[in-house]
Structure formats: C-alpha cells, structure tokens
Amino acid sequence: MTSAEVIDQIEGLVLCRVGEDRLAVRAREISSFDVPQPGAPYAGEGFSPGARAPADAKLLRHHDTSLVVDTVEVHAERLRLLAVPAVLARAWGGALAGFVETGGLLWPVLSLERFHLARSPEVSS
Amino acid sequence: MLQIPPVADVHGHLVFACGSSLYAVPADTASEVVNLPSLTRVPGAPQHLLGVFAHRGEVLPVVDLTRLTGHPLDEAFKRAVLVRTPRGAVALPASRVLGVTTLEGSFERLGDTGVHQHLRGPARAAAGEVAIIDTQTFIEFLSTAG
C-alpha cells in the first residue's frame, strides 16, 4: 500500500446522529463519553441554529473540548476519507476533516481538535 | 456616457434556469448535468450551501443560486449542473437545462457586491436574458463567503 493510500483511509469512527442530520468523529479523538453538561455545545446548532439536544443526548469529550450529539455508534471498519470541497474548507471554523461513505450514507467527519481551536480564538491566534 | 458595444460570445455557454432566472456557465467548465440524490447537510455551512453528495468518489457541494441572489425558492431541484474549475467543483441546481448556445449582449459585471460581482450580463439567449457566471471568481467567492 502506498503512503497516499494510507492518508486516504480512516479507521475507527464514532458515527453520531444529530436530529435528522449526522456526523462522524475519529474514535481516537474522544477521551470519554459523558452526560451532557450545561453550556456544552450541541452539534445540532451547527445544522440548525437554535436546535436543542434531546434529554438522552451524549457528550463526547476530548481534553478541554466537548460536543453533544443525540446518539453514538462505533464503526471499526476502515473507510476511504473523501476530501473537503474547497468551498467548505472554512465551514465550522475549518473543523471538517473530510467525509466518509458507509451504510449508503455520506458522513461529514469533524475534527474535535480543530473544533476546539475554532471555538477558542485565543488558542488559535 | 460610454456605450459598451454588444459583445458576441466566441465560446459556447451552457444555459440553465434556476427558478425564474436564466444563468449560463462557460461550456468548458460545465462537466455534466446530474440527477440530484438526497443531500447530506454539513454543519456550519452557509445557508446557500444546501448540502453535499458523493459523485464518482468525490464530495460535491450544492450551491443554491436563488439564496445567493437574495430570491430564495422552496423548489426541490432534481437536477444540477456540475461546474468544475481549477479552484474546485460545485453543483448548481437547475429547474431546466436549455443546452449549449452562443450568447450576445453585455458581458459586464451585474454588481459590485456579493455574488453579483461574479455575474455578467445581461446577455441574450433564445430563451431570454441570461446572467453569465464567472465560474473562476465565483468559486473563489464561495470559498471565502461565510
């Protein structure tokens, strides 16, 4: 396998449902799953401003960053990571790492690390 | 006042309707016309970006011209024109695709702000007045538009 092919692949994802939408996060970026805490950002707001998390939502934690989603499902299979189109490079503060296709659906892959930087201007500047 | 003479189109343009407006893109940047599948919404994307879909191993963003021009429609578009430039590719939803034709008329900018900086015209096609999309700068604009 060439190095280019390795870069193209992604393994170990957490597939998250958010209302009628969805996103994926690299499993290695999640240090723990928790119960949502007040003030934690809800991923649904990225799709529909003002969206509220359901009562049984889950919190993904990565060091100082957290993100609330509706449901989580671990996906271990290796998948091809599709590139972010140029016009989306700045979406969500540049936190999109790519897209994967699984189960006949396309999933945006979010980098929690970049998401943290985008939400913390003092860190990224 | 300086009169700008009508300009004849040397290269062909693909003309399509989006709602009640007609648009054209240089034929050499229109790679194909596709049936739109259901779209995947992208978190944090601007409102004019309806979503994305996978096409031959590539993720393509779908850009709603009616929202960009300030005249949003609730129309569920079934087809889109794929526009490809060295800066990237986008799918532009189309109510109808009228085909490739040569255009006449003005090729001047239609405005100084927003997306109108990247529209030229008014040009004329058999079906009516057409706004020509300057595809190179249009995709650059989309890449920086919030």
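Let's start with chain A, which holds four helices and ten strands. Keep in mind as you look around that this is a predicted model. If you walk along chain A from the N terminus, the elements come in the order α-β-β-β-β-α-β-β-β-β-β-β-α-α. Chain A has 125 residues, and 38% of them count as buried. What about contacts along the chain? Taking the contacts in chain A between residues at least 6 apart in sequence, 54% join residues at least 24 apart.

Now zoom in on one sheet of chain A. Three strands make up this open sheet, in the order β4-β5-β6, and their pairing is antiparallel. Which strands stand at the edges? They are β4 (32-34) and β6 (65-69) of chain A; each has a single partner strand, so one side of each is left without a neighbour in the sheet. Direction ignored, neighbouring strands here are turned by 25° against each other on average.

Strand β5 (residues 58-62) of chain A pairs with β4(A) in the antiparallel sense over three bridges.

Next, turn to where the two chains meet. Here 19 residues of chain B are in contact with 19 residues of chain A. On the chain B side, the elements that give two or more residues are β5 (49-55), β6 (58-63), β8 (88-94) and α2 (135-144) of chain B. Which element gives the largest share of that side? It is β6(B), with four residues. Sorted by class, the side of chain B that touches chain A has twelve nonpolar, four polar and three charged residues.

Finally, how confident is the prediction? For the model, the scores are ipTM 0.86 and pTM 0.88. Chain B has an average pLDDT of 89, and 92% of its residues score at least 70. Within chain B, confidence is highest in strand β7 (residues 79-85), at a mean of 97, and lowest in strand β1 (residues 7-8), at 54. Over residues 1-6 of chain B, the pLDDT is below 50, and this stretch has five contacts in the model beyond near neighbours in sequence.

Key:
Residues numbered from 1 in each chain as written. Chains lettered and ligands numbered in written order. Predicted model: local features only at pLDDT ≥ 70, side-chain atom pairs only at ≥ 80, totals over all residues. Contact = placed C-beta atoms within 7 Å. Nonpolar A, V, L, I, M, F, W, Y, C, P; charged D, E, K, R; others polar. pLDDT = per-residue confidence, 0-100. Buried ≥ 20, exposed ≤ 12 C-beta atoms within 10 Å, placed from the backbone. Pairing = 2+ DSSP bridges. Axes fitted to C-alpha atoms, helices over the stretch in contact; angles between N-to-C directions.
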